[in-house]
Amino acid sequence: MTLRIGPLRLDPPVVLAPMAGVTTRAFRRLCRQFGPGGLYVSEMLTARALVEGNERTARMLRFDVDERPRSAQLYGVAPGTVGEATRRLIGDFGVEHVDLNFGCPAPKVTAKGGGAALPVRRRLLADVIGAAVKAATPEGVPVTVKFRRGIHDELLTGVSTGLIAEAEGVAAIALHARTAEQRYAGDASWAAIAELKAEVTTIPVLGNGDIWEAGDAVRMMAETGCDGVVIGRGCLGRPWLFADLGAVFAGGSAAAPPDFGVVAAVMLRHAELLAEDEGEKVGLCSFRRHAAWYTQGYAIGADTRRALGTVSSVAELAGVLDGVDPSLALPAEALRMKRGHTDGPRPVRLPHGWLNLIDDPTPPAGAEILISGG
Ligand SMILES: Cc1cc2nc3c(=O)[nH]c(=O)nc-3n(C[C@H](O)[C@H](O)[C@H](O)COP(=O)(O)O)c2cc1C
């Protein structure tokens, strides 16, 4: 089952969701090794920071030599900046797929009119998307757009956003089937994915939300008619989910969850890769939350969990993991435990008079602050 996104061919039709602080080169490498054939998107980059030559942003654009296609997510609110950032992604960093993020629900961002607030402003949205497409198309690089269902149940913008993106020439769209108000709480509305798929007919529509096991992906595609899936929290601490996805899309079954010995080996590798990229101290510090996800559901004991929460070197991590029985199995009920963000619902802050400005193309001031997250 092949998904075409512009010149890209994805088999299986699976995309790793951009996740700030998570989808680093290290994590993408693990995911790619388990699931060659999918598309693995970088952490989100702020267009303004990229254009201004921010060093941290440039560091987030590290790719493995064998990482193809190079995929990056961009966040911005001003057409000129987004266009220029797209050009730099392609020209300076060899990026081969650009995803635009219009789903961030962070109050400090929506209050300024950025993130999930922007799709309300249809003309501006079209201009921002159009600027990226215009910069990328001559280079043969596909642009995709990721967004939510809307602000809240009474202010749904998912279908209008999809239609605008289609009209502006993007190669595919992806719906996180929650509103900004929901944030990460409640169930994603797969019915909204089906509705979007019925309206947007000329480009692939990808579904996102609540794929915890590989079988969920097949079910989402069957129930909604969507063309591919975007995997977020389901793969946190479980990069082998991409192997399961490959197996089920090829008509087979997912493997049984690994015993802890296998998990520990992947954890060590992940920590080593982060240490290579960020230095041991910073790398291990950012590994700690991954450690919590890897071990979620395994009966490793409170002391071990506490120790993993403070590890500061690869050797220390190896020592802690050595003390755990490698034959520990994951109880069946742990498979669908939520992980990562679960917060919400929460009212969405919008700028004063925002809903009266639907056709105003002026970019909101102050919304391109350095943010992370979607
Ligand atoms: C830790 C974390 C960071 C995220 N960062 C981003 C981001 O930078 N850009 C984005 O578009 N979505 C971001 N998201 C949202 C995910 O891409 C995805 O849309 C969401 O988690 C729903 O999918 P899921 O139910 O499979 O997790 C983030 C989610 C999490 C949990």
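These are my notebook entries on a predicted model, written as I looked things up.

**Entry 1**

I started with strand 6, residues 97-102. Is it buried or exposed? Six of its six residues are buried, so the rest of the structure largely encloses this strand. I then checked the two faces separately. His97, Asp99 and Asn101 lie on one side, Val98, Leu100 and Phe102 on the other, and all of them are buried.

Next I looked at what pairs with strand 6. Strand 5 (residues 71-75) runs parallel to strand 6 and is joined to it by four bridges. I found Leu74 opposite Leu100, and Ser71 has His97 as its bridge partner. Strand 7 (residues 143-152) is also parallel to strand 6, with five bridges between them. Here Asp99 stands opposite Thr144.

I followed the chain from strand 5 to strand 6 as well. It passes through helix 4 (residues 79-93), and the three elements form a right-handed β-α-β unit.

**Entry 1: strand 5**

Strand 5 got its own look. Five of its five residues are buried. Ser71, Gln73 and Tyr75 point one way, while Ala72 and Leu74 point the other. Strand 4 runs parallel to strand 5 and is tied to it by four bridges; in that pairing I noted Thr46 opposite Tyr75.

I logged another cis bond, between Asp11 and Pro12, with omega about 10°. Pro12 belongs to the loop between strand 2 (8-10) and strand 3. For context, most peptide bonds are trans.

**Entry 2: the nonpolar cores**

Which residues have the most contacts inside the largest nonpolar core? I found Leu74, Leu100, Ile129 and Ile173, in a core of 73 residues. Helix 6 (residues 122-136) gives this core its largest share, eight residues. A second, separate core has 28 residues, Ala26, Leu30, Ala291 and Ile300 among them.

I took a closer look at Ile173. Beyond its neighbours up to four places away in sequence, Ile173 touches residues including Val145, Phe147, Leu196, Val200, Ile203 and Leu206.

How many residues of helix 1 are buried? Seven of its 10 are, and the helix is mostly covered.

Why do I call Arg178 buried? Its relative accessible area is 0%, and the cut-off for buried is under 20%. What does its side chain make a polar contact with? The partner is the side chain of Asp210, at 2.7 Å. Leaving aside neighbours within four places in sequence, the contacts of Arg178 include Arg148, Arg149, Arg183 and Arg233.

Asp210 lies in the loop between strand 10 (205-208) and helix 9 (214-224). Asp210 counts as buried, at 12% relative accessibility, and has a positive phi of about 70° although it is not a glycine. Arg183 is another non-glycine residue with a positive phi, near 55°. Arg183 sits in the loop between strand 9 and helix 8 (190-199), and is buried with a relative accessible area of 12%.

**Entry 3: around the ligand**

I ended at the ligand. Which of the 19 residues around the ligand come nearest? They are Gln73, Lys146, Asn208, Asp210 and Arg233. Gln73 places a polar side-chain atom 2.8 Å from a ligand nitrogen atom. A polar backbone atom of Ala20 is 2.9 Å from a nitrogen atom of the ligand. On the oxygen side I noted His176, with a polar side-chain atom 3.5 Å from an oxygen atom of the ligand.

Technical notes
Residues numbered from 1 in each chain as written. Predicted model: local features only at pLDDT ≥ 70, side-chain atom pairs only at ≥ 80, totals over all residues. Heavy atoms only, no water. Buried < 20%, exposed > 50% of the residue type's maximum accessible area, 1.4 Å probe, protein only. Polar contact = N/O pair within 3.5 Å; in protein donor to acceptor, adjacent residues only side chain to side chain. Contact = heavy atoms within 4.5 Å. Core = buried A, V, L, I, M, F, W, Y, C linked by side-chain atoms within 4.5 Å. Helix = DSSP H or I, 4+ residues; strand = E, 2+ residues; numbered from the N terminus. Pairing = 2+ DSSP bridges. Right-handed = clockwise from strand over helix to strand, strands pointing away. Near = heavy atom within 4 Å.
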